[in-house]
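Subject: Structure handover, charged residues

Hello,

Here is the structure I promised to pass on. Please open it alongside this note.

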Amino acid sequence: MTTDEDTDHEDLLELLLRHLLSGDDLDELCEEAGLPVLMDSTGVPVYVREVVAYGDAGVMTLNRGVVIRLSDGSEFQLSIVAYRRTDSPVQVRPPSTSG
């Protein structure tokens, strides 16, 4: 592990949210979590059409976050707001290269 003063918790969480919400169909995520599946007016499962960082979506805020656009036309914002920060430096480990 190395210390990285440029690593930002908000950056990492934003990237992780984009990855998690873009990787699977919404209906599969709901089923895995034991939650109801959203259906559109024609009976087709609603899916995540796009997940965009606030900066790329033109959201006027100093917060970090993502805009989630669904196939039924709905849009949601998920903000990442720091509540408390650690005083110690952040440690980072490069991602595993094993497949």
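Below are my findings on its charged side chains.

First, a caution: this is a predicted model.

**Salt bridges**

The whole structure holds five salt bridges. Three of them are described here, starting with Arg64.

Asp11 and Arg64 pair through their side chains, with an N to O distance of 2.1 Å. This bridge ties together distant parts of the chain. Asp11 sits in helix H1 (residues 9-23), while Arg64 belongs to strand S3 (residues 64-70). The two are 53 residues apart.

Arg64 also bridges to Glu14, at 2.9 Å, N to O. Again the link spans distant parts of the chain: strand S3 on the Arg64 side, helix H1 on the Glu14 side, 50 residues apart.

Glu75 is partly exposed, given its relative accessible area of 48%. Arg69 comes out at 17% relative accessibility, and therefore counts as buried. As for networks, shared partners join Asp11, Glu14 and Arg64 into one.

Which residues form the negative surface patch? They are Asp25, Glu28, Glu31 and Glu32. Glu28 lies in helix H2, which runs over residues 26-32. Its relative accessible area is 36%, so Glu28 is partly exposed. That value clears the patch cut-off of over 30%.

What is the nearest side chain of opposite charge to Asp27, and how far away is it? It is Arg49, 15 Å away. Asp27 is buried, yet it has no salt bridge. Leaving aside residues up to four places away in sequence, Asp27 touches Val37, Pro45 and Val46.

**Where to look**

Two places deserve a view on screen. One is the network of Asp11, Glu14 and Arg64. Glu28 is part of the negative patch, whereas Asp27 is buried with no salt bridge.

Best wishes

Methods: Residues are numbered from 1 along each chain as its sequence is written. This is a predicted model: local features need pLDDT of at least 70, side-chain atom pairs count only at pLDDT 80 or more; totals for chains, interfaces and linings use all residues. Side-chain values use heavy atoms; hydrogens and water are left out. Patches are made of residues with over 30% relative accessible area and no salt bridge: like charges are joined within 9 Å, nonpolar side chains (Val, Leu, Ile, Met, Phe, Trp, Tyr) within 5 Å. Accessible areas come from the Shrake-Rupley method with a 1.4 Å probe; for residues, only the protein chains shown count as cover. A salt bridge is a side-chain nitrogen of Lys or Arg within 4 Å of a carboxyl oxygen of Asp or Glu. Lys and Arg count as positive and Asp and Glu as negative; His and the chain ends are not counted. The place of a charge is taken as NZ of Lys, CZ of Arg, CG of Asp or CD of Glu. Helices (H or I, at least four residues) and strands (E, at least two) are DSSP runs, numbered from the N terminus. Buried means under 20% relative accessible area, exposed over 50%, partly exposed in between (1.4 Å probe, protein chains only). Contact means heavy atoms within 4.5 Å.
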